[in-house]
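Thanks, everyone. Please have the sequence and the structure open.

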Amino acid sequence: MNRSTLILLALGAAHSLNHSLFLVLPPLLSDISRDLGASLQSMGLVSTLAFLLYGAGALVGGPLSDRLGGVRVSMLSLALSGGSALLFLLARDLLTFGVGLTLMAFWASFYHPTSNNLISSLFTERMAEAMGIHGAAGSIGQILTPTAAYMIGVFLDWRLAYAIFGALSILSALTLKRIPEGDGGIKHNGPFHPLRLFKAPNLRILLLYNVLVGLFYRGVELFFPTFLSLNRGFSGGLAALSTSLILLFGVLGQYLGGRGADRLGSEHVIFISSNAVLAGMLILLLSPMNIAGVMSFVILFGAGYYAHQPAMTSLMGVVSPRELRGTAYGIMFFFTFGLGSVSTTIVGYLAERYNLELAFWFMTLIATITLATSLAILRIRKGDKR
C-alpha cells in the first residue's frame, strides 16, 4: 500500500469524525431539547447559527491550506473541534449548549476545504475516484454514529456522547501528525487574489447548486429521526438506525459517484444524483406509515445525495485556478453548509408552527429546484471547464 493511499485512509477516518460530531444531535434532538427546556424552533435556530459558522469557517480554512499546507490545518481542525466537544459536559442550558456547538462547528469547518485541496494535489489523475474513496471511508465510520450516540445518550448521558466523539477527534489529529508536511499539498506564498475565482467559467452555477443542496440536506439531517418518530410512528432506536442506514447507502453512493464521475463526467453524475434525491423525498411523503416508503427514501436519498459529492468536488477542482483551489473549496463549503444551513431554522419554524410533514414538503420543493439547476450543470463540457 503506497503512501498516498495511506494518507487517503487516514483522511477518511478524520472525515468520519468531522461529521460524527454533528451526527450526535439528530437522534437525541428530542431528549436534548427536553433536557435543556428548549423548543424545536430554538434548537433549529441554534443549529443554524452553528452551521453558518461551519460554512463560514471554511472561508478561513481554505486559504490557510493554500498558505500553510493541508496537514497542519487538518490537525488544527480535528484537535480544536474535538476539544470544543468536551464543553458539552458543562451544558445545562441552551446558551452553554449553543456556545459548545458553535465553537465545535467553527473549528470543524477548516477540515473539508483543506482535505479536498490535499487530495486534489495528491491525485491529479482519477481525482473524483479519490474523492469518492475519501468520502466513502468517512461515511463508513459515520454509519454507527447515530445509533451509538443514541444508545450512549439514552443509557448514560447525551453529554458523554459528545465527549467520546470529541476525544476520538483529538486522537485522529495525532494520527495525522505522522504524515510528512511535504505531502501537505502545494503551498503558495505569492500574492493572494481570491476574487480571481469568480472570473472562472461555470463557478456561479456550481455555487448555486451547492446552496440548494445545503438547504434541503441540513433540514433532513437534523429533523429526519424526529420526523420518523412523530410522523411515522418509529421508535427512537429505529429512527436512529434509519439515519445510520442513510450513511450506509451513502458509502455506496460516494464510491459509485467517484468512479462514475471519472467515466461519465461529473456533470452527469450530479444530474443522476439529483433525480434520486427528489424521487426519495416524494416516495417518503406520498407513502405515509409505509416501511417500504421509508426504506426507499433511505436508499435513494443516501446513495443519491452522497454520489454528488465526489463529482462536485472534482468539478470544482477542475474549474478553479490551482493556486486558489483551497480557497475555492472553502467557498463551496460555505455555500453548502453555511448559507444552506438556514433551512434548519425554517424547518424548525414550520414544524413548530404547523407540522413536520409540511416542513418536509418544503425541503422537497428545494430538491426540485436543485434538480432544475443540475440541468444547467449538464451544459458544462470538458472543453469549457477551464
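The second largest cavity in this predicted model has a volume of about 90 Å³. A cavity here is a set of points, on a 1 Å grid over the protein atoms alone, where a 1.4 Å probe fits but cannot get out. Points are joined across faces, edges and corners, and a volume is the space filled by probe spheres set on them. A lining residue has an atom within 4 Å of a point.

For the second largest cavity the lining is L23, Y217, V220, E221, F224, P225, T243, I246, L247, F301 and Y306. The elements giving two or more of these residues are α11 (203-231), α12 (236-264) and α14. The most come from α11, with five. By class, nine are nonpolar, one is polar and one is charged. Nonpolar covers Ala, Val, Leu, Ile, Met, Phe, Trp, Tyr, Cys and Pro; charged covers Asp, Glu, Lys and Arg; the others, Gly among them, are polar.

Now the largest cavity. Its volume is about 270 Å³, and 21 residues line it, with H112, N116, Q309, T313 and M332 nearest its centre. Two or more lining residues come from each of α1 (3-23), α7 (111-122), α8 (127-142), α14 (291-319) and α15 (325-338). Which element gives the most? That is α14, with six residues. This lining has nine nonpolar residues, 12 polar ones and no charged ones. In total, the structure holds five cavities of 30 Å³ or more.

On the fold, there are 17 helices and zero strands. Helices (H or I, at least four residues) and strands (E, at least two) are DSSP runs, numbered from the N terminus. Of the 386 residues, 59% are buried, meaning under 20% relative accessible area with a 1.4 Å probe, protein chains only. Taking contacts (heavy atoms within 4.5 Å) between residues at least 6 apart in sequence, 86% join residues at least 24 apart.

Last, confidence. The average pLDDT, the predictor's confidence in each residue from 0 to 100, is 81, and 88% of the residues score at least 70. Over residues 382-386 it is below 50, and that stretch has 12 contacts in the model beyond near neighbours in sequence. Where pLDDT is low, the predicted coordinates should not be read in detail.

Two notes on conventions. Numbering starts from 1 along each chain as its sequence is written, and side-chain values use heavy atoms, leaving out hydrogens and water. Local features need pLDDT of at least 70 and side-chain atom pairs 80 or more, while totals for chains, interfaces and linings use all residues.

Conventions: On a 1 Å grid over the protein atoms alone, a cavity is a set of points where a 1.4 Å probe fits but cannot get out, and a pocket is an open set with protein on both sides within 12 Å along at least five of seven lines; lining residues have an atom within 4 Å of a point. Buried means under 20% relative accessible area, exposed over 50%, partly exposed in between (1.4 Å probe, protein chains only).
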